[in-house]
Amino acid sequence: MISTPLEQFTISSIIPLHIGNYYFSFTNSSLYIFLAIGTAGLLFHFVTQNGGFLVPSRWQSLVEMIYEFVRSLIQEQIGAKGRKYFPLVFTLFVFLLFTNLIGMIPYSFTATSHLAVTFGLSLSLFIAITIIGFQVHGLHFFSFLLPKGAPLILAPLLVVLELVSYSFRAISLGVRLFANMMAGHTLVKILSGFAWTMLSVGGILSVASILPFAVVFALIGLEIGVACLQAYVFTILVCIYLNDAINLH
């Protein structure tokens, strides 16, 4: 039994492995990350084998909707130059979507509720986008630190502010996803535990427990929406950052 709302986020080792002081254990977080990747991979494999069907099934329609959604997202945010980054953005969105949704299954584990996962992902993307910026523009990429038309007297201050703002993207991108997923799951656990306690007491409290149970079911529906929304927000911000690196906006 889970005794505290935060205990659901505990990382436990499934296959212990360490070399000296370095630990490479296969944990429950790793398991659900692989489960999300495997589920998405199997779904896309079965609906696209042999080129799909002329009359698409529900699952094929879902996959096509995700494909068109990401394609239009790249077209709107980056333009024609962003087409070659479609595999990256598509994989990112599908991974976050499936990881968040699998975490909504009772007694499962939400990998994106851990800062180590989300920050590692955001930092990797931040470094990759920065490298893309230098590949496209060379040293001219540093020009983003000074907005066009800015007075030269304010250049030192603006450069520092823009540099801090740009570097903070690596933190804010991961923290936003982690905080939203963790807060939602914690709230659902607290309210469900409160409702179960009222039901266990009996009497008038068991009747009154209908209200918190109803709130819990409503929050679960909201959390599913948040899981999809956070995958979208993370992906669209990556597209915006890619656009800034490619077009220096």
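This is a predicted model: local features need pLDDT of at least 70, side-chain atom pairs count only at pLDDT 80 or more; totals for chains, interfaces and linings use all residues.
The helix that gives the most to the lining of the largest cavity is α4, with four residues, and I will start from there. A cavity here is a set of points, on a 1 Å grid over the protein atoms alone, where a 1.4 Å probe fits but cannot get out, and a lining residue has an atom within 4 Å of such a point. Helices are DSSP runs of H or I with at least four residues, strands are runs of E with at least two, and both are numbered from the N terminus.

Residues are numbered from 1 along each chain as its sequence is written, and side-chain values use heavy atoms, with hydrogens and water left out.

Back to the cavity, then. A search of the whole structure finds one cavity of 30 Å³ or more, and the volume of the largest cavity is about 60 Å³, where a volume is the space filled by probe spheres set on grid points that are joined across faces, edges and corners.

With which residue does R169 form a salt bridge? The partner is D244, with the closest N and O atoms 3.0 Å apart; a salt bridge means a side-chain nitrogen of Lys or Arg within 4 Å of a carboxyl oxygen of Asp or Glu. This pair links distant parts of the chain, since R169 sits in helix α6 (residues 169–201) and D244 in helix α8 (residues 210–247), 75 residues apart. Both R169 and D244 are buried, and buried means under 20% relative accessible area, with exposed being over 50% and partly exposed in between, for a 1.4 Å probe and protein chains only.

The whole structure has two salt bridges, and in the pair R71 and E68 the side chains meet at 3.0 Å, N to O. R71 and E68 are three residues apart in helix α2 (residues 58–77), which means that about one helical turn separates them. R71 is partly exposed, at a relative accessible area of 41%, and E68 is partly exposed as well, at 39%.

Let me turn to the nonpolar side chains. A nonpolar core is a set of buried Ala, Val, Leu, Ile, Met, Phe, Trp, Tyr and Cys residues joined through side-chain atoms within 4.5 Å. The largest such core has 45 residues, of which V70, F234, V238 and L242 touch the most other members. The elements giving two or more residues to this core are α1 (28–48), α2, α3 (86–102), α4 (115–137), α6 and α8, and α8 provides the largest share, 11 residues. If we leave aside neighbours within four places in sequence, V70 is in contact with F86, V89, F90 and F93, where contact means heavy atoms within 4.5 Å.

N100 lies in helix α3 and is buried, with a relative accessible area of 0%; leaving aside neighbours within four places in sequence, N100 is in contact with T112, L177, M181, A227, Q230 and A231. S29 has its place in helix α1 and counts as buried at 6% relative accessibility, and, not counting residues up to four places away in sequence, S29 touches F109, A111 and V117.

Finally, the chain as a whole. There are eight helices and four strands, and from the N terminus on the elements run β-β-β-β-α-α-α-α-α-α-α-α. Of the 249 residues, 37% are buried, and the C-alpha trace spans about 75 × 55 × 45 Å along its principal axes.

From the record, an unreviewed UniProt entry places the feature "transmembrane region" at residues 31–48, 85–109, 115–134, 195–218 and 224–243; the positions follow the numbering used here, feature names are shortened, and annotations may be inferred rather than shown by experiment. In the model, residues 31–48 are 100% helix and 0% strand, with the end C-alpha atoms 26 Å apart, whereas residues 85–109 are 68% helix and 0% strand, with the end C-alpha atoms 30 Å apart.

Note on methods: On a 1 Å grid over the protein atoms alone, a cavity is a set of points where a 1.4 Å probe fits but cannot get out, and a pocket is an open set with protein on both sides within 12 Å along at least five of seven lines; lining residues have an atom within 4 Å of a point.
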